[in-house]
Amino acid sequence: MQRDKFFKEIDNINHPNEKLIKTHCSYCGMQCGINLRVNTQTNKIIGVEPRYDWPVTVGKMCPKGVTAYQQTNHKDRLLKPLIRDDASLKGTAEGFREASWEEAYDLIAKKFKELQTEYGKDSLSVFSGVSMTNEKCYLTGKFARVALGTRYIDYNGRFCMSSAAGGFLRSFGVDRGSTLPWTDIHDTDCLFIAGSNTAECHPTSMFRIWNVQERGGYIIVVDPRETPIARRADLHLDLQPGTDLALANGIVHQLIEMGYIDEEFINKHTNGFEETKELVKEFTPEYTSMLTGVAPEKIIRAAEIYGKAPNAVVMFARGVEQQHKGVDNVSAYTNMALVTGNIGRPKAGVATFTGQGNGQGGREHGQKSDLLPGYRKITNPKHVEEVCSVWGITPEEMPKPGVSAYEMIELMEQKTIRGLYLLCSNPAVSAPNQNYVRKAFKALDFMVCSDFYLSESAEFADVILPAVTWSEDEGTVTNIEGRIIKINKAQEPVGESKPDWQIQVELAERLGRGKYFTHLKTAKDVADEFRLATKGGYADYYGATWDKIDKQDGVFWPCKDEEDEGTPHMFLDKKFYHPDGKAKICALPYRPPAEEPCEKYPLRLTTGRVVYHYLSGNQTRRIPFLHDMCPEPFVEIHPETAATYNMEHEERVRLFTRRGEAVYKVKITEAIRKDTVFVPYHFGHEESINLLTIAALDPISRMPEFKACAAQLEKVELKKVQ
Amino acid sequence: MKKRLYLELENCIGCRSCLAACTQCGGHEERNRNYVYDVNPLVNRQTMPLMCLHCENPACARSCPAQAIQIHETGAVLSALVEKCIGCQNCTIACPYGIPKFDQEQNIMYKCDLCIDRTKDGIPPMCASVCPSNTLQWLTDEEIENKKKQFNLDNGKWVTSMPYLEGETNVKVNLPGILQGITKLF
């Protein structure tokens, strides 16, 4: 299915005494197809081979994907549970001793029971992630609600994609990250890409993206930095960080003014156009330019190209989403597609570049504070009843909605939350305002961390449980397109490590809740219960059986039953998911970033990624090739700005904000705005840029504003002299 | 059908996946054998790969006093034979592109062999297999001819291997500039 011009029949090379296991990369939402090489004598993973037969990526891999297999048998793997008896060592890697699973489980059950007896059910919390399978994400939600009975569960998607979810829900009434399959992208005529450093963060999209230009189409890139994709774009809108909403309003205004709107589509299939038209009137090219720093003629030209294109796709990523108006940014860029009718047909649509491997599936099935499997709402009694019937509990037993990830950390600091079960996430690097976050983790009475390496966050734990990598378990993941795909097991778990679903079943048994979990003996058992729990929800996975996934090269949700082949293109019938079937064009007043530059902090700090690292770097910093390519963070500065501070290339300088400071090596480049500095966020401890970032949260998605705050630079030597 | 490595320099995004993949072919002792350069790092993010071009009349092999560098029937210029290489580094000096690398510890040169265990059977080399941006491609002569037509520049030059290189090569290179020759759709 969907085999396009990039697909070529190529056989893999046969190495003696080896077999190939077809699977996908462990890292980002692209979920590139890979083959793991397994030695048939040792039964260990020893390498990687391209998976030419995967229709989305046809064998291509970024440097993270090429080396991903090195995680499995890495020397840093946690092989046994670890317990730390001396709580004064929290926040360091010191003081852990090896323990048996029995001892670890006993201690966790005892401490969890003590805390809940003394402080109530909601004194415990679960903080999870979406770099794991749908089955694990699903069970983590059930574990929190049924085994622990706590309302406090949330996940690291709040630091990643929750604004995209919020924006799509508001605009379309449904949150599927891409309205079209990736195999359409090279065939569109205009790609409008905002806040995505695609070449570094989703490199295997690039062969399709470049092909748009080779066909004579256009690429428009919105970014404060001249990223590799911006360098070759037909038009680069070099806006100030945190001003996307003004730019989107300005472009929508131009589309209306220049007559590029599709009135029939607007009238038949949308609400909110008149209000929006009225609101964006103010955003003339000159006014928009004043707010964003983008030249007026570029704004007009962008509208002209996008408006004229027979088919156009609007794409965005964390650059627009990680703001305290991320949801508004998403809806505002989506407005471009809705006013021009660029949606609901092949080669046109809206997509976000999913950050984490299962950023899409992981947010749909009940790890979010207010959601239940199938994208059901915990505040909707009918939804609660449907899920309770699968879980075997009564609606009265279902906990109330909790709070978002960063707000859970605030409750830890305030001692409302006393215990934490952390899995598949490293918030001691990835959360904003780290000085506060680390204080909150230290304030916990008891913390369990499940991971396969000793992460910066694990350093705050009392008990560390050794989890498996993606290659030692099986299950499904939902990729960047909304395609459900299958991760296959390539080797047995190293040491005594266990998959998180098994840990949760065994812990539930210790907590006296075994009757809701004991029947889950294999990943497949969890998968079957998970599919059933999504049945009837709008993210319906019921028909996406493992067999069908294998046969069809993945299944796009919704997929309601055995006959349903899934839904590669959304809204082909022009029916959106709001009750009246219409999409919403949103009138969104502009708000500046939460913290604007001032005399004391005159620079705009923005953060992001490099191609060699993934998320908090807990995995990729340990891979020799990736570490060698980017061993430490740096601060990117425009040469003219550096000159005003008398700073040289590679000099170490102090960067600071109202919340924290760090010392970085200067990287001089003209490929950044003069008023902006950039630091990648993959590094921990005193190198973490999140010591400096601001926890200004979006009112809807509760996403912190990683992408814009006010900062100042200082020479390190000067400080010593003082 | 014979295929060749083809380099479309305009496409490079600097991810260095080709270098990572070079270490993973199963026969390269996990050392990469090619290069990716930042063209002007203080100014912009332009990058370019520098791969062995597998010259038809390779200076490295000609300069080798021990005849350690063999040419495969497919045209691939192989890495020095371990038993013959004397570690003189003539090849590194002779190569107009500085491709052969030198292992100080073993006193031996090593270079790209175009993943000969793959390419002899028509399987693309690792670098071209993984390249996410299609900078490195594995194409038939017909496909390369089509590229040549598609990217014919209005100044009459097909910006490719000759006359910019030292001699004819098995690997074909297209220098940056392809977008200049494209007619826009609208």
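A salt bridge is a side-chain nitrogen of Lys or Arg within 4 Å of a carboxyl oxygen of Asp or Glu. The side chains of A:R215 and A:D189 meet in such a bridge, at 3.0 Å from N to O.

This is a predicted model, in which local features need pLDDT of at least 70, side-chain atom pairs count only at pLDDT 80 or more, and totals for chains, interfaces and linings use all residues. Residues are numbered from 1 along each chain as its sequence is written, chains are lettered from A and ligands numbered from 1 in the order in which they are written, and side-chain values use heavy atoms, with hydrogens and water left out.

**Salt bridges**

Over all chains, the structure holds 63 salt bridges.

| Pair | Closest N and O atoms |
|---|---|
| A:E18 and A:R37 | 2.8 Å |
| A:R621 and A:E456 | 2.8 Å |
| B:R118 and A:E49 | 2.6 Å |

Helices (H or I, at least four residues) and strands (E, at least two) are DSSP runs, numbered from the N terminus. A:E18 lies in strand β1 (residues 18-24) of chain A and A:R37 in strand β2 (residues 33-39) of chain A, so their bridge ties together parts that are 19 residues apart in sequence. A:R621 sits in the loop between β23 (603-608) and α22 (624-629) of chain A, and A:E456 in the loop between β17 (446-451) and β18 (463-466) of chain A, so this pair ties together parts that are 165 residues apart in sequence.

Buried means under 20% relative accessible area, exposed over 50%, and partly exposed in between (1.4 Å probe, protein chains only). A:R37 is buried at 7%, while A:E18 is partly exposed at 21%. Likewise, A:E456 is buried at 7% and A:R621 is partly exposed at 22%.

A:K22, A:R51 and A:D53 are linked in a network of salt bridges.

**The interface of chain B and chain A**

Which residues touch? In contact (heavy atoms within 4.5 Å) are 47 residues of chain B and 55 residues of chain A. The two chains bury about 4000 Å² between them, 54% of it on carbon and sulfur atoms; buried area is the accessible area (1.4 Å probe) that two parts lose on being put together, summed over both. Four salt bridges cross this interface. B:R118 forms a salt bridge with A:E49. On the side of chain B that touches chain A, the elements that each supply at least two residues include α1 (17-22) and α6 (141-150).
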